[in-house]
Structures are given as structure tokens and as C-alpha cells.
Amino acid sequence: MTNINALPPHKLARRLRGCLARLPGADQDALCVLFVLIFPELSGEQALKENPVEHHLFVTENVIRIAGAEQLNLRQEAAAGLLHDIAPVGKISKTQLKELKKTFDNETNPERKLQYERDLQLLDDLQYGFRTLHMRKGSAIANERLLEVNQALGRAAFDRHDVEQVCDLISIHDSPSILRAIPGDNRAAVCFREADRLWMVSEEGVLADLRREAAEVSEDAKLDRAKKNQIRYKEEKRDCYAGDPTCINDTFFRTQTGYEVYKGWCDFWGINP
Ligand SMILES: [Fe+2]
Ligand SMILES: [Fe+2]
């Protein structure tokens, strides 16, 4: 007898079906099989500490919108949407780093200052290390899962080019977090990054942040968090795309659709894009 808890709840399964509506039926089936296969991983304890399962569906939904407008391969983008965060390896947050930097800056005792400097270096290296591991390991696991889907279906639902492209996307999806820009001519990755980041200013993403921090959930707290997350957008633009003329209205968005969806969320919160 199948363990019902190992399967995605019907609401999530339906949400996935809904967002795949514009893909050919055979691709929809393959992506649903993929989702069923990876659901236990996406809903594991460590995975849920980083993202609720809705995150992967949100990214899939949005990347289909954004990449669809750019006539890109939606089977690949959707597979990457489901698989990109499959390796939850833990992360050092920018806030943790900023706080330690503040402590270091304010320290006057030379001995303690030296210790803080070493701690800062270590934390910085760990942040980089965890992010690169998250992408590399995620890419390798994705490779495995796509082959498993092919084997289960008895056909190359994801052919070698698909597998290559999905793994490539995952291997750089978080690069801007370690200050590496995503090149503008890699449209598949540009669209993917925008879809992944939109989560932060969406209502679901903001609620997930507040819940993870066990913070109070009120309208004020939500708005406050949305504004804070918007600052991270500005940092991504400043750190990776300063002076890039393809960025729309001084944001890191380089696709019209991504920018429109972002503007929609700004309207929702009543904040300026
Ligand atoms: Fe990620
Ligand atoms: Fe993500």
C-alpha cells in the first residue's frame, strides 16, 4: 500500500497541472511524474527549513510566464523550476554577515577585533561554499531525477539536451548571491533568476519568511518584510548589473514580463517598483 504522505497533496498537484496548461500533454505528464518523484525530497525536514513546497511551484508558474513570452523551451524551464532547490544544504544569510560586520566595525579591543576579522572571513567563505554546493549538488541530483523519470516512463521525456540545459540552469541559478552576474545573453537563466526572485516580493514568499523566523504575522509585518526584500533586489542590481542598460527602470529585471509581474506585486503592497 502506498504511503499517502509520500505523495503531493491534491491542491499542489492541481496547482502544478494548472500552470503547465500551455505545455504539450506529454510534457505535462512527464513534469507531473517528476513532481511526484521528488515530492518526498521537497517536503523533507531540511528542505522545508529553506522553502515551502509552494516555492518550487511558484517559480515554475512564473518561469513559464516569463520564458513563455521569450519563446524559450518551457519543458526545460519548468523542470528547472521544480528541481532547482532540490539540494538544501543550509545557508548563511546576508543578515548574519552584516551583523557580524557591524560587531567587527564597532570593536575597539585589538585582540577581539582580530578574532572578529577571522570569524568574518570564515563566515564569508562558508556563505560562498554553501551557495556553490547548493547549485552543484542540486544540478547533480536533478540530472539523476530526470533520468529516473525517463526510465519510469520508458521514453526520453527529457532528452540529453533537456538534461544538459536543466543542469546548467541549476548550476548557476543562485550565482548573483555570490556576486556573479548572470550573462544577459543566457536568456534561459535570466528568465529563471527573475522567476526565482519574484517569490521574495510575493505574498506567499513574504509569509514564508515571517513563518521561518517565527515572527508575528500582521499586515504591518508583511508590508515591512516586503519592503526589506525589495532592498535585496536593489542590492542585486548594484552588485551584479551596475550600469547595465538592459535593466528595466533601475531594477535587475531584464525581461518585460518579469518586470510587469514585479510591478504587479509592488501594486499589491502599495510600494514603488
Ligand atoms: Fe536556490
Ligand atoms: Fe528558489
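The model is predicted, so local features need pLDDT of at least 70 and side-chain atom pairs count only at pLDDT 80 or more, while totals for chains, interfaces and linings use all residues. Residues are numbered from 1 along each chain as its sequence is written, and chains are lettered from A and ligands numbered from 1 in the order in which they are written.

**Stop 1: H4 and H5**

Select residues 53-69, helix H4, and residues 74-83, helix H5. Helices here are DSSP runs (H or I, at least four residues), numbered from the N terminus. The two pack at an angle of about 155°, with their axes 8 Å apart; axes are lines fitted to C-alpha atoms over the stretch in contact, and angles run from 0 to 180 degrees between N-to-C directions. H4 is therefore roughly antiparallel to H5 (over 145 degrees; under 35 counts as roughly parallel). The crossing is right-handed, meaning that the near helix is turned clockwise from the far one by less than a right angle.

Now show the contact residues (C-beta atoms, placed from the backbone, within 7 Å). On H4 they include His56, Val59 and Val63, and on H5 they include Leu74, Glu77 and Leu82. By class, this contact has seven nonpolar, four polar and one charged residues. Ala, Val, Leu, Ile, Met, Phe, Trp, Tyr, Cys and Pro count as nonpolar, Asp, Glu, Lys and Arg as charged, and the others, Gly among them, as polar.

**Stop 2: H2 and H5**

Asp27, Leu31, Leu34, Phe35 and Ile38 of H2 meet Arg75, Ala78, Ala79, Leu82 and Leu83 of H5. These divide into eight nonpolar, no polar and two charged.

**Stop 3: the core**

Select Val63, Ala79, Leu83 and Val166, which have the most contacts inside the largest nonpolar core, a set of 55 residues. Such a core joins buried Ala, Val, Leu, Ile, Met, Phe, Trp, Tyr and Cys residues through C-beta atoms within 7 Å; buried means 20 or more other C-beta atoms within 10 Å, exposed 12 or fewer, and partly exposed in between. Leu83 touches Ile38, Ala142, Arg145, Val166 and Ile170, not counting residues up to four places away in sequence.

**Stop 4: two loop residues**

Gln71, in the loop between H4 and H5, has a positive phi near 55° and is exposed. Asp250 lies in the loop between H11 and H12; its phi is about 60°, and Asp250 is also exposed.

How values were computed: Parallel < 35°, antiparallel > 145°, perpendicular 65-115°, else oblique. Contact = placed C-beta atoms within 7 Å.
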